[in-house]
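Hi everyone, thanks for coming. Let me put the structure up.

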Amino acid sequence: MDVLITGGSGLIGRALTAELVKYGDRVVILSRRPDKMKNLSPGVRTAVWDGKSAQGWGHLINEVDAVVNLAGASIAGNSPLSMRWTKKRKAQIRSSRINAGKAVLEAIISAEKKPEVLVQASAIGYYGYHGDQPIEEDSPAGSDFLAQLSIEWESGTKLVEDQGVRHLVIRTGLVLSSAGGVMPLFKMQFGLFAGGRMGSGRQYYSWIHVADQVGAIVYLLKTKSTSGAYNLTAPQPETNQDFSRILGKVMRRPSVVPVPEFALRAALGEVADLTVKGQRVLPRRLLEAGYLFQFPNLESAFVDLLKS
């Protein structure tokens with residue numbers, strides 16, 4: 001299979017590329033700075049794009065079987081200084097996603113040979129916050145910033161269906177990876193004996209091991225009977241308190257230093273909602289489609305991620 005990936009230099013994009021190459025697939029990664037992508041595996045090449053149009057790369061659509069659109073600025077920011085959702089930051093988060101979707105849609109509409117499938121990234125933020133209420137793919141969308149962003153994000157490429165292209169939406173939870181994201185921060189926190197619950201600790205974290213994140217994407221890509229939205233979260237979400245307890249157990253560190261909600265809000269503002277509000281999201285459609293999780297429970301995930 002020939003696959004084109006936008007956002008291929010990010011955490012999920014890098015892991016997905018490695019997984020596809022392992023199966024003998026060929027990958028084209030769109031990047032604003034392809035010259036910075038070094039030591040690429042055989043079967044992987046890069047192309048320049050501006051993140052908002054099909055100019056200069058749109059012809060590549062004719063050469064691929066699948067497109068995976070992962071492009072978008074980080075929701076949580078790349079550093080503590082960029083985490084707060086200022087008006088400017090929100091605009092950047094939105095435009096990076098909507099413009100990328102428009103570019104992909106433009107390229108597919110213009111292509112003489114259409115890809116078989118498009119995977120469109122999204123997030124479980126689509127549902128808003130519902131405490132301990134179980135959330136599945138048919139649950140309604142929320143009304144906050146992330147929910148409205150996700151609605152627009154998903155719908156931006158839906159018109160590929162009119163081109164005969166299978167449209168998949170992956171609503172991703174908290175991705176755990178030793179290569180980046182939140183896991184190195186958790187590891188440092190507990191390594192300093194400062195681990196503990198965030199806020200009340202009763203809020204649910206809907207997590208997924210990066211191996212299952214990319215495993216599920218590849219499975220959906222290659223299972224032609226799949227379409228529509230899928231929650232990419234492990235089947236056993238945990239409360240923040242249990243999340244912290246299990247991590248402490250695996251790291252052999254205490255989990256007794258709580259971080260009050262007011263402190264998180266003072267430091268992060270609205271972004272603190274990601275930490276102190278709960279989403280108990282279940283991957284019903286993914287399980288029904290036949291995907292088998294490598295790491296269905298949190299302890300096995302932590303053991304694997306912390307073994308090196």
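Glu-154 and Arg-171 are both buried, where buried means under 20% relative accessible area, exposed means over 50%, and partly exposed is in between, using a 1.4 Å probe and protein chains only. A word on what you are looking at: this is a predicted model, in which local features need pLDDT of at least 70 and side-chain atom pairs count only at pLDDT 80 or more, while totals for chains, interfaces and linings use all residues. Residues are numbered from 1 along each chain as its sequence is written, and side-chain values use heavy atoms, with hydrogens and water left out.

Back to our pair. Glu-154 and Arg-171 form a salt bridge, with the closest N and O atoms 2.8 Å apart. By salt bridge I mean a side-chain nitrogen of Lys or Arg within 4 Å of a carboxyl oxygen of Asp or Glu. Helices (H or I, at least four residues) and strands (E, at least two) are DSSP runs, numbered from the N terminus.

Let's stay with Arg-171 for a moment. How buried is Arg-171 by relative accessible area? The value is 5%, which is why Arg-171 counts as buried. Which residues does Arg-171 touch, leaving aside those up to four places away in sequence? Among them are Ser-122, Ile-124, Tyr-127, Glu-137 and Asn-231, with contact meaning heavy atoms within 4.5 Å.

Now for two more pairs. Glu-63 forms a salt bridge with Arg-45, at 2.9 Å between the closest N and O atoms. This pair links distant parts of the chain: Arg-45 is in strand S3 (44-48), and Glu-63 is in the loop between strand S3 and strand S4 (66-69), 18 residues apart. Glu-63 is partly exposed at 41% relative accessibility, and Arg-45 is also partly exposed, with a relative accessible area of 41%.

Glu-270 and Lys-90 meet in a salt bridge too, at 2.9 Å from N to O. Here the partners are 180 residues apart, with Glu-270 in the loop between helix H7 (261-268) and helix H8 (273-276), and Lys-90 in helix H2 (residues 87-110). Glu-270 is partly exposed at 33%, and Lys-90 is partly exposed at 22%.

Finally, how many salt bridges does the structure hold? There are 17, and a network of salt bridges links Glu-136, Asp-138, Arg-284 and Glu-288.
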